[in-house]
Amino acid sequence: MNCPIYKKCGGCQLRNLSYEEQLSLKQSKIIKLIGRYCHVDEIIGMENPYNYRNKVQAAFGMTRGGKIISGVYQSKSHRIVCVDECRLEDKKADEIIVTIRNMMKHYRMLPYNEDTGVGFLRHVLVKRGFTSGEIMVVLVTGTSVFPCKNDFIKELLRLHPEITTIVQNINNKFTSMVLGEKETVIYGNGYIEDVLCGKRFRISPKSFYQINPVQTEVLYGKAVEFALLTGKEKVIDAYCGIGTIGIVASDKAGEVIGCELNADAVADARVNAKINGVENIKFFCADAGEFMLGMKEAGEKCDVLFMDPPRAGSDKRFLSSAVSLSPDRIVYISCNPETQQRDLFYLTKNGYKVKKIQPVDMFPFTNHVETVVLLSRDFSNS
């Protein structure tokens, strides 16, 4: 894959390998890390491993010569590498970001300088519904004062009428976090919707939504398949986010409980359940580990636990809570096989046995690989 900024960006670690070689490398990685637990099924790759990222964010800055640039931070630094287009990112999202960058000079809009606190535009985040085609643009600014706001937005919409909503997010803190706490809807509803696994989901600026929708359908399809649902099971969706896994699984489950600490995500999850007419699911803004302990103390049981933790994996408190509640099956979705390896060691030492391992290539041309692992209670050790 040819890319003029490959060495500076560092985002495509496997750029020099053919896609078949990438899949082989990732398969070997999973076998090496967790293959001792059971057979590793063949990794599921993409038919077209390009332009798959439906969420694109760009940082804005200025060169010493006064030129406005936008792009990604150089690997292991805070220097911005200017990006006009990326073979992994949604083409329309890249176009919109470049348009905004080009408009800034005309509207005398400066990039925000986090060292001096001077300037306006800090980041631009674009989310696009893969199926719906709806597009959200989030302008992350260092101040709430938006100069020439009406004219700027009118011009942006004239150039890109496909944009369905625009949100201003204010982040004036010295932080590596892209989004701040306060936001204002400038145009549209302030959210987009997309269809995944036959279900419709509302996506707000702060919502977590898998960035590769094609492979997410594969990933979630495998997760539900591994859960062996018959329509009677009580299911917990830990780290549920906006409720995607739980809602997708709800058709085949008796009852689903989603747990999530992010209040905005829980609000979206409840709306998503309503949009899809799902009545056998409830969402709680709570720590999943504490919630499971509460269920145990109340004498409640769980048949299947879906867990999809962040890259850091799960902590011992969560894992011990899961073991204490003792669901028959655990379906562990991971974006980091290194931390999954650690967590599987704990679970297999505490009454579970790994039954299936399925790698899925969610991020072609990068080192990242996702896995779905099925664990069942090892009754031989009971």
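**View 1. Glu95 and Lys92 are joined by a salt bridge in this predicted model.** Their side chains come to 2.9 Å, N to O. A salt bridge here is a side-chain nitrogen of Lys or Arg within 4 Å of a carboxyl oxygen of Asp or Glu. Why are Glu95 and Lys92 separated by about one helical turn? Because they sit three residues apart in helix H3. Helices are DSSP runs of H or I with at least four residues, numbered from the N terminus. Glu95 has a relative accessible area of 40% and is partly exposed, and Lys92, at 27%, also counts as partly exposed. On this scale, buried means under 20% relative accessible area, exposed over 50%, and partly exposed in between, using a 1.4 Å probe and protein chains only.

The model is predicted, so local features need pLDDT of at least 70 and side-chain atom pairs count only at pLDDT 80 or more, while totals for chains, interfaces and linings use all residues. Residues are numbered from 1 along each chain as its sequence is written, and side-chain values use heavy atoms, leaving out hydrogens and water.

**View 2. In helix H4, Arg158 pairs with Glu155.** The salt bridge between these side chains spans 3.0 Å, N to O. The two residues are three apart, about one turn of the helix. Arg158 is exposed, at 56% relative accessibility, whereas Glu155 is partly exposed, at 25%.

**View 3. Glu181 and Lys173 form another salt bridge.** Here the N to O distance is 3.6 Å. Glu181 is exposed, with a relative accessible area of 67%. Elsewhere, salt bridges that share partners link Lys92, Glu95 and Glu162 into one network. How many salt bridges does a search of the whole structure find? The count is 16.

**View 4. Helix H3 crosses helix H4.** The axes of H3 (residues 91–106) and H4 (residues 149–159) come within 11 Å and cross at roughly 140°. That angle makes H3 oblique to H4; angles under 35 degrees count as roughly parallel, over 145 as roughly antiparallel, 65 to 115 as roughly perpendicular, and the rest as oblique. Axes are lines fitted to C-alpha atoms, for helices over the stretch in contact, with angles from 0 to 180 degrees between N-to-C directions.
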